[in-house]
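Dear colleague,

I am passing on a structure that I would like you to look through, and below it I have set out what was found. Please keep it open while you read.

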Amino acid sequence: MADINANNREFIPSAGTLLRTFVTDEYFPRVTRDLRGSTRRGYRAIWNNYIEPKLGHLRVRDIRTFDIQRAIDAVVRENADLKRATSARVKSFLSGIFGEAIRCGLRKDDQNPVESVKVRGVKGRAKGETFAYSLTQIRSILNVLPLLPKAVIATASFAGLREGELRGLEWPDYAGDSLGVSRSIWRSVVNRPKTRASAQAVPVIRQLVEILKAYRLSMGNPTTGVMFHSGGGEPMDLNKLGQKIIRPAVQALRLDWYRWHGFRRGIASNLYELGANDKVVQRILRHT
């Protein structure tokens, strides 16, 4: 059943609505429709894995801080390696749900029951500890890779592109001395760059120019189409490339596999070591 708000004649869910009904029928369609595909997937995973089994059967109006705290504590107990940061994301997601429920008139007061919940979980890496490859490590990795993964890693390491941005690169984006970042691809979803700053073209330093030139020649010197693909013309699955080709090569060098972020995180220090000036580094980092 649904109720009509007598003050503004707005259609709202019944006050007896279960949390799973509200989230599925109201929250996800209304709140997440404008989010990036990867963000929506993350929200769905949090809901399906952690929240719905614990709280989905309860009525929105009846859920108290105690219920939420008990649910999060149970999730932590059942997932021994759950990071505190993940618990914090669960809390933040729940806070958004109940904030929307309050705006829909499903709570008796305006107090969000998530506010007083304490986040628990195992600590992540120590403050100041970063997962990033040094320039020496990157050079070692590049030396043992075939040309295609070598070109992808070099672009991540020396141009600072994110995984989705790497998948979205097309040959017209490459001007020889710069790379235009006009799209980011998550699975089959094409998104705009993450921020306005992210959409700025980045300089291509000499070391990257040499690798991209060799890679382009090996592909038949194309001028159109996706830059990184395995022959079919579709954007490459970089997760599979990382797991099947790059990770074994990295581990053979007795290095840890930090995934794609490991090549981007230390980029400023690595660029300075290569002799790049402040202006070039700033443009590659896409900082204002």
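At 5% relative accessibility, does Tyr27 count as buried or exposed? Bearing in mind that this is a predicted model, Tyr27 counts as buried, because its relative accessibility is 5% and the cut-off for buried is under 20%.

The rings come next. A pair of aromatic rings is described by the distance of the centres and the angle of the planes. Elsewhere, ring pairs join Tyr133, Trp257, Tyr258, Trp260 and Phe263 into a cluster, while Arg44 lies over the face of Phe28, at 3.9 Å from the ring centre.

In soluble globular proteins, nonpolar side chains tend to be buried together. The largest nonpolar core here has 46 residues, of which Phe158, Phe228, Ile246, Trp260 and Phe263 touch the most other members. Several helices give two or more residues to this core, including helix 5 (135-144) and helix 9 (238-252), but helix 6 gives the most, with eight residues. Apart from this core lies another, of 26 residues, among them Val23, Ile51, Ile68 and Leu106.

With best wishes

Note on methods. Residues are numbered from 1 along each chain as its sequence is written. This is a predicted model: local features need pLDDT of at least 70, side-chain atom pairs count only at pLDDT 80 or more; totals for chains, interfaces and linings use all residues. Side-chain values use heavy atoms; hydrogens and water are left out. Buried means under 20% relative accessible area, exposed over 50%, partly exposed in between (1.4 Å probe, protein chains only). Rings of Phe, Tyr and Trp (its six-membered ring) pair if their centres lie within 6.5 Å; planes under 30 degrees apart count as stacked, over 60 as edge-to-face and the rest as tilted. A charge sits over a ring if NZ of Lys or CZ of Arg is within 6 Å of the ring centre and within 35 degrees of the ring normal. A nonpolar core is a set of buried Ala, Val, Leu, Ile, Met, Phe, Trp, Tyr and Cys residues joined through side-chain atoms within 4.5 Å. Helices (H or I, at least four residues) and strands (E, at least two) are DSSP runs, numbered from the N terminus.
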